[in-house]
Amino acid sequence: QIPLSLRAREGAKETDKHSPARLKFLDALRHLLTVYSGPLLPGIPMAWAELERTALEETLFDSIRLGVTYAREGRHWEEAIAFALQGVRLLPWESEMHCLLIELFLETAQRGAAIRQYRSLQTFLRLQAYPKEIYS
């Protein structure tokens, strides 16, 4: 069982950086991200499946965001970056995760990677026909 429920996330939030609840949450997130690397509920065309898929993606995205926060607080830069990359892959239209990833690259003196990520976000927004003032 993978404890990524809202209750598990909230329990991890209430504790210090090295608490068992937070470490358990991070272990579960690591495991989940190795198991689920593609679309959630693939090949099920029913309307309820699309609603369930969206809910699962949002829950996973929230968990990834929390994982980035915890890894960043613990100064586990590689793991924070890996989580953020997973978040960008899961929901590429969520600019928040792109921004987190850019910040992480800058915090770890990876200026080139930060610029590439910024340009990747610009390209994505341009291809999605967002207004120019959003990505310029």
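# Exercises on a predicted helical model

Ala82 has a relative accessible area of 38% and is therefore partly exposed. The structure is a predicted model.

**Exercise 1. Find where Ala82 lies and how far its C-alpha atom is from that of Ile64.**

Step 1. Ala82 belongs to helix H4, which covers residues 77-90.

Step 2. Along the chain, Ala82 and Ile64 are 18 residues apart.

Step 3. Partly exposed covers the range between under 20% (buried) and over 50% (exposed). The 38% of Ala82 falls in that range, so the residue counts as partly exposed.

**Exercise 2. Describe the make-up of the protein chain: how many helices and strands are there, and what percentage of the residues count as buried?**

Step 1. The protein chain has seven helices and zero strands.

Step 2. Written along the sequence, the pattern is α-α-α-α-α-α-α.

Step 3. The chain has 136 residues, and 35% of them count as buried.

Step 4. Take the contacts between residues at least 6 apart in sequence: 54% of these join residues at least 24 apart.

**Exercise 3. Work out how helices H5 and H6 are arranged: are they roughly parallel or roughly antiparallel?**

Step 1. Two packed helices are described by the angle between their axes and by the distance between the axes.

Step 2. H5 spans residues 95-107 and H6 spans residues 111-127. Their packing angle is about 165°, and their axes are 7 Å apart.

Step 3. Angles over 145 degrees count as roughly antiparallel. H5 and H6 are therefore roughly antiparallel to each other.

Step 4. The crossing of H5 past H6 is left-handed.

Step 5. On the H5 side, the contact is made by Ser95, His98, Leu101, Ile102, Phe105 and Leu106. On the H6 side, Arg111, Ala113, Ala114, Gln117, Tyr118 and Leu121 take part.

Step 6. Sorted by class, the contact holds eight nonpolar residues, three polar residues and one charged residue.

**Exercise 4. Examine His98: is this residue buried or exposed, and what does it contact?**

Step 1. His98 sits in helix H5.

Step 2. The relative accessibility of His98 is 3%, and the cut-off for buried is under 20%, so His98 counts as buried.

Step 3. Apart from neighbours within four places in sequence, His98 contacts Val88, Pro92, Gln117 and Leu121. Gln117 and Leu121 are among the H6 residues that make the contact with H5.

Step 4. A polar atom of the His98 side chain lies 2.9 Å from the backbone oxygen of Pro92.

Definitions and conventions
Residues are numbered from 1 along each chain as its sequence is written. This is a predicted model: local features need pLDDT of at least 70, side-chain atom pairs count only at pLDDT 80 or more; totals for chains, interfaces and linings use all residues. Side-chain values use heavy atoms; hydrogens and water are left out. Axes are lines fitted to C-alpha atoms, for helices over the stretch in contact, and angles run from 0 to 180 degrees between N-to-C directions. Helices (H or I, at least four residues) and strands (E, at least two) are DSSP runs, numbered from the N terminus. Angles under 35 degrees count as roughly parallel, over 145 as roughly antiparallel, 65 to 115 as roughly perpendicular and the rest as oblique. A crossing is left-handed if the near helix is turned anticlockwise from the far one by less than a right angle, and right-handed if clockwise. Contact means heavy atoms within 4.5 Å. Ala, Val, Leu, Ile, Met, Phe, Trp, Tyr, Cys and Pro count as nonpolar, Asp, Glu, Lys and Arg as charged, and the others, Gly among them, as polar. Buried means under 20% relative accessible area, exposed over 50%, partly exposed in between (1.4 Å probe, protein chains only). A polar contact is a pair of N or O atoms within 3.5 Å; within protein, one must be able to donate a hydrogen and the other to accept it, and residues adjacent in sequence count only if both atoms are side-chain atoms.
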